[in-house]
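I opened this notebook to keep track of what I looked up, in the order in which I looked.

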Amino acid sequence: MQAKPARKRWTYAEFARLPDREGARQEVICDELVVTPAPSLHHQRIAGRLFVELFQFVENERLGEVFPAPLDVLLGEGDYLEPDIVFVRAERSGDLLSDRGVEGPPDLVVEILSPATEARDRGIKLDRYAQFGVAEYWLVDPDAKSIEVYDLKGESTNPTVYRQEDLFQWTPPGAAGCLVISLPTLFEGG
């Protein structure tokens with residue numbers, strides 16, 4: 001009987017030395033290297049529009065910082081993810097932000113689904129974000145033209161789903177105002 005080979009433990013230093021793969025996303029999830037093709041043009045349009053909306057709101061409200069991909073989120077040894085968008089509240093920025101990226105759980109993680117990432121975004125990444133303490137997780141579905149909002153610090157595992165005809169509103173802790181996003185505009189051009 002042959003012994004199972006020991007699973008490789010990825011350090012961040014090893015991960016950071018990986019060669020760039022021309023736009024491909026490289027992540028280590030549960031000590032497994034995952035490489036995903038570069039996102040589609042429609043994905044990037046949605047990511048850009050959503051980033052601008054979030055960035056402007058967070059800046060105006062002085063809530064913290066919003067970052068688009070590529071940016072490493074180091075959740076723990078062997079878990080180095082690259083979400084599409086992350087938000088870190090101002091009072092946590094000093095503890096989490098470094099030259100390496102976000103070192104710990106952001107307050108909000110946004111993933112835009114694609115055929116290459118959907119199963120992982122709905123499965124292992126949702127689990128990892130919840131386990132490491134991310135407060136809120138959005139799954140943006142270009143095909144269904146919807147946003148699923150997971151409150152990972154709450155009791156329910158069911159997301160609140162906003163469809164194209166719904167009004168999407170977000171009021172993070174500390175905000176005086178409310179961000180309102182037009183879903184028809186967000187998904188335009190698909």
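**Entry 1, terms and ground rules.** I take two strands as paired if DSSP finds at least two bridges between them, and I take helices (H or I, at least four residues) and strands (E, at least two) as DSSP runs, numbered from the N terminus. I am working on a predicted model, in which local features need pLDDT of at least 70 and side-chain atom pairs count only at pLDDT 80 or more, whereas totals for chains, interfaces and linings use all residues. Residues are numbered from 1 along each chain as its sequence is written, and side-chain values use heavy atoms, with hydrogens and water left out.

**Entry 2, the sheet.** I looked up how strand 6 (residues 85-89) meets strand 9 (residues 108-112), and found the two running antiparallel, joined by three bridges. Within this pairing, phenylalanine 87 has leucine 108 of strand 9 as its bridge partner. I then followed the whole sheet, which is open, has six strands in the order 3-6-9-10-11-12 and shows mixed pairing. At its edges I noted strand 3 (64-68) and strand 12 (160-163), each of which pairs on one side only. From one strand to the next the twist averages 15 degrees, where axes are lines fitted to C-alpha atoms, for helices over the stretch in contact, and angles run from 0 to 180 degrees between N-to-C directions. Helix 2 (residues 41-61) packs on this sheet and touches strand 3, strand 6, strand 9 and strand 10 (136-141), with its direction at about 170 degrees to that of strand 3; contact here means heavy atoms within 4.5 Å.

I counted rings of Phe, Tyr and Trp (its six-membered ring) as paired if their centres lie within 6.5 Å, with planes under 30 degrees apart taken as stacked, over 60 as edge-to-face and the rest as tilted. By this rule I have 11 aromatic pairs. In one of them, phenylalanine 57 and tryptophan 170, the ring centres are 6.0 Å apart and the planes stand at 55 degrees, so I recorded the pair as tilted. Phenylalanine 57 belongs to helix 2 and tryptophan 170 to strand 13 (residues 168-170), so this pair ties together parts 113 residues apart in sequence.

Tryptophan 170 also pairs with phenylalanine 87, edge-to-face, at 5.6 Å centre to centre and with 90 degrees between the planes. Since phenylalanine 87 lies in strand 6 and tryptophan 170 in strand 13, this pair ties together parts 83 residues apart in sequence. For accessibility I used under 20% relative accessible area as buried, over 50% as exposed and the range between as partly exposed (1.4 Å probe, protein chains only). Phenylalanine 87 counts as buried at 3% relative accessibility, tryptophan 170 counts as buried at 5%, and phenylalanine 57 is buried as well. Ring pairs link these residues with others into a cluster of Phe57, Phe87, Trp138, Tyr162, Phe168 and Trp170.

What does leucine 74 contact, leaving aside its neighbours within four places in sequence? I listed Tyr12, Asp79, Tyr80, Arg100, Val102, Glu103 and Gly104. Leucine 74 lies in strand 4 (residues 73-76) and is buried, with a relative accessible area of 7%. Its C-alpha atom is separated by 8.1 Å from that of tyrosine 12, 62 residues apart along the chain.

I searched the whole structure for salt bridges, meaning a side-chain nitrogen of Lys or Arg within 4 Å of a carboxyl oxygen of Asp or Glu, and the search gave 16. Aspartate 84 and arginine 25 meet in one of them, at 2.7 Å from N to O. This pair links distant parts of the chain, with aspartate 84 in the loop between strand 5 (79-81) and strand 6, and arginine 25 in strand 1 (residues 25-29), 59 residues apart. Aspartate 84 is buried with a relative accessible area of 4%, and arginine 25 is buried with 10%.

The side chains of aspartate 121 and lysine 125 meet at 3.8 Å, N to O; aspartate 121 counts as buried at 2% relative accessibility, and lysine 125 is buried with a relative accessible area of 1%. Aspartate 141 forms a salt bridge with arginine 122, with the closest N and O atoms 3.7 Å apart. Aspartate 141 lies in strand 10 and arginine 122 in helix 4 (residues 118-122), so the pair ties together parts 19 residues apart in sequence. Aspartate 141 counts as buried at 11% relative accessibility, whereas arginine 122 is partly exposed, with a relative accessible area of 28%.
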